Amino acid sequence: MRAAQLLAEADVVVLDQLCREQFVASLVSDGVEFVDGGYGEAGTELTNASRAKLLVKAAKAATEGHDDGRALVVRLMDGDPATFHGLAEEAGACAKAGIEFEIVPGVSAVSAVPAYAGVPLTDSKARNIHVVTAGDPKVDWARSIDACTTVVVLGQADLLRDSLVELRAAGRRGNTPVALTQNGTTITQETTTLTLDEVPAALRRAEFDGPVMAIVGSTVGHRTALSWWENKPLFGWKVLVPRTKEQSGSMTRRLTEYGASSAIVPTISVEPPRTPAQMEKAVKGLVTGRYEWVGFTSVNAVRAVREKFAEFGLDVRAFAGLKIAAVGGVTADALREWGIEPDLMPSGEQSAKGLLEVWPDYDEQLDPINRVFLPRADIATETLVAGLEEMGWEVDDVTAYRTVRAAPPAPEVREAIKSGKFDAVCFTSSSTVRNLVGIAGKPHASTVVACIGPATAKTAEEHGLRVDVLATEASAAALVDALAAHGQCLAAAAAEAGEKVRRPSERRGAARRKVKAR
């Protein structure tokens with residue numbers, strides 16, 4: 001929590017790798033400056049000493065740029081600063097330069113990676129832990145041969161292989177279990193379990209990109225039951241989310257919970273109506289008692305009315321005496337965030353059709369006013385309006401916002417979509433289907449297509465896409481849950497066939513097993 005607080009207040013953040021910027025983007029302010037503390041201008045990796053000089057330089061530059069002579073520079077390290085890091089050199093350089101500093105402990109890879117691999121470092125039989133840097137010539141491997149000792153070795157694959165050969169030569173049993181993990185705690189993590197005797201050949205055969213961690217000892221046997229991270233239903237999947245950043249939050253969070261990463265590609269841009277007069281008249285009518293009901297069919301409609309209220313100096317008290325309808329859970333949540341609890345929601349399908357099924361007929365004896373205010377998009381269908389009019393209601397169908405097609409994504413994103421580098425795409429409306437195909441092209445045949453409802457699925461099929469997943473209800477959460485169920489079905493089918501579980505993007509060109517999750 002202290003780290004998150006400091007990042008939120010930071011003027012400058014110095015990172016071990018500049019690519020880590022994406023992981024802290026949600027925790028920092030918009031104007032923060034990122035500094036690459038991993039590599040110098042010539043592209044060579046910085047030493048601890050040169051990184052310490054860079055940190056002092058960044059701190060002085062940030063201070064000079066502030067009128068009050070104070071600035072906050074956060075040095076964000078991968079793992080725990082006090083473990084296998086240049087904390088001594090960097091903090092020492094700050095102290096020598098007279099720069100105040102604070103140390104916030106983090107989580108070391110030594111404990112984090114085994115936890116994500118499902119391997120505890122100790123249990124009732126293994127009580128000792130030895131942590132070793134691969135390739136260190138001063139290591140006395142004879143101290144690590146006891147079966148009660150778990151040995152953690154960190155380093156590049158070639159140095160790791162040599163170190164484990166030395167451990168075996170020192171007397172550690174050849175049948176001792178070993179877990180090799182690369183890219184630990186990320187969605188590209190991969191763990192291989194084998195024995196100490198099998199390690200040299202395995203490390204020669206396999207391609208390892210970057211550092212690898214070896215865990216040697218009896219506790220590796222717990223992985224069968226405790227491997228929670230790599231067994232998530234969508235582990236490692238790259239999912240395309242054709243929505244705006246503001247709309248995709250709940251979906252991307254749920255995808256992360258299932259082990260997937262998200263790529264957001266906006267397909268529409270929401271803009272105000274061309275002329276505000278109609279919307280202004282409706283809001284004034286709402287205040288003066290013109291309406292019995294207000295029906296919200298999207299989050300954008302809630303946002304548009306809320307902005308118009310703010311413009312007129314109104315708040316939720318203006319809804320007093322009105323009945324509020326919401327087309328689904330996401331729209332209802334947007335209303336609740338504003339302080340409004342909907343009076344009416346569909347009990348089944350969360351759509352205009354579902355809302356009509358629960359909307360009461362107009363009764364002149366019970367309803368003092370027969371008019372409904374529907375703030376909607378300019379391209380909204382007539383289903384709801386026609387249905388309400390048949391039930392005796394008079395409807396003010398007002399354009400609250402316009403939806404226009406967004407600009408095409410970057411060329412590399414378009415290529416990834418068409419070439420099958422995404423494992424799945426989640427469509428939340430017919431317009432997201434039409435617009436994605438229009439600005440980026442059709443997703444590759446290997447990409448799993450997930451749709452939020454029958455209307456969206458029909459549009460996808462009309463555009464030549466095979467629909468693999470259909471949500472049980474029209475919500476982002478249900479859509480992701482259905483996709484996760486589909487991922488479990490694919491994994492079960494692969495296991496039944498005795499095949500390695502592969503992501504859809506890894507099976508491009510191969511015959512695909514058709515499994516539906518509905």
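**Figure 1. An open sheet of three strands, in the order β2-β1-β3, pairs in the parallel sense.** The model shown here and in every view below is predicted. β2 (33–36) and β3 (73–76) are the edge strands. Each of these two pairs on one side only. On average, neighbouring strands of the sheet are turned by 20° against each other, direction ignored. Strand β1 covers residues 12–15. The pairing of β1 with β2 is parallel and runs over four bridges.

**Figure 2. Helix α3 lies across strands β1, β2 and β3.** The helix spans residues 48–64. Its direction is at about 155° to that of β3.

**Figure 3. Helices α3 and α4 pack at an angle of about 40°.** Two numbers describe a packed helix pair: the angle between the axes and the distance between them. Here the axes of α3 and α4 are 8 Å apart. Helix α4 is made of residues 87–96. The angle of about 40° makes α3 oblique to α4. Their crossing is right-handed. From α3, the contact uses Asn48, Arg51, Ala52, Leu55 and Val56. From α4, Glu89, Glu90, Ala93 and Cys94 take part. Sorted by class, the contact has five nonpolar residues, three charged residues and one polar residue.

**Figure 4. Asn183 and Thr185 both have a positive phi, although neither is a glycine.** Phi is about 55° at Asn183 and about 70° at Thr185. Asn183 sits in the loop between β6 and β7 (190–195). Thr185 is also placed in the loop between β6 and β7. Asn183 has a relative accessible area of 30%, so it is partly exposed. Thr185 is partly exposed as well, at 33% relative accessibility.

**Figure 5. Gly171 is in the loop between α6 and β6.** Helix α6 covers residues 157–170, and strand β6 covers 177–182. Gly171 is partly exposed, with a relative accessible area of 40%. A second residue, Ser419, gives a sense of scale. Gly171 and Ser419 are 248 residues apart along the chain. Their C-alpha atoms are separated by 51 Å.

**Figure 6. Thr252 is a buried residue of helix α9.** The helix runs over residues 249–257. Thr252 has a relative accessible area of 16%, and buried means under 20%, so Thr252 counts as buried. Leaving out residues up to four places away in sequence, Thr252 touches Ser262 and Ile264.

**Figure 7. The protein chain holds 18 helices and 18 strands.** This view sets the close-ups in the whole chain. The chain has 518 residues, and 45% of them count as buried. Its C-alpha trace spans about 90 × 65 × 45 Å along the principal axes. Consider the contacts between residues at least 6 apart in sequence: 62% of them join residues at least 24 apart.

How values were computed
Residues numbered from 1 in each chain as written. Predicted model: local features only at pLDDT ≥ 70, side-chain atom pairs only at ≥ 80, totals over all residues. Heavy atoms only, no water. Axes fitted to C-alpha atoms, helices over the stretch in contact; angles between N-to-C directions. Parallel < 35°, antiparallel > 145°, perpendicular 65-115°, else oblique. Left-handed = near helix turned anticlockwise from the far one by under 90°. Contact = heavy atoms within 4.5 Å. Nonpolar A, V, L, I, M, F, W, Y, C, P; charged D, E, K, R; others polar. Pairing = 2+ DSSP bridges. Buried < 20%, exposed > 50% of the residue type's maximum accessible area, 1.4 Å probe, protein only.
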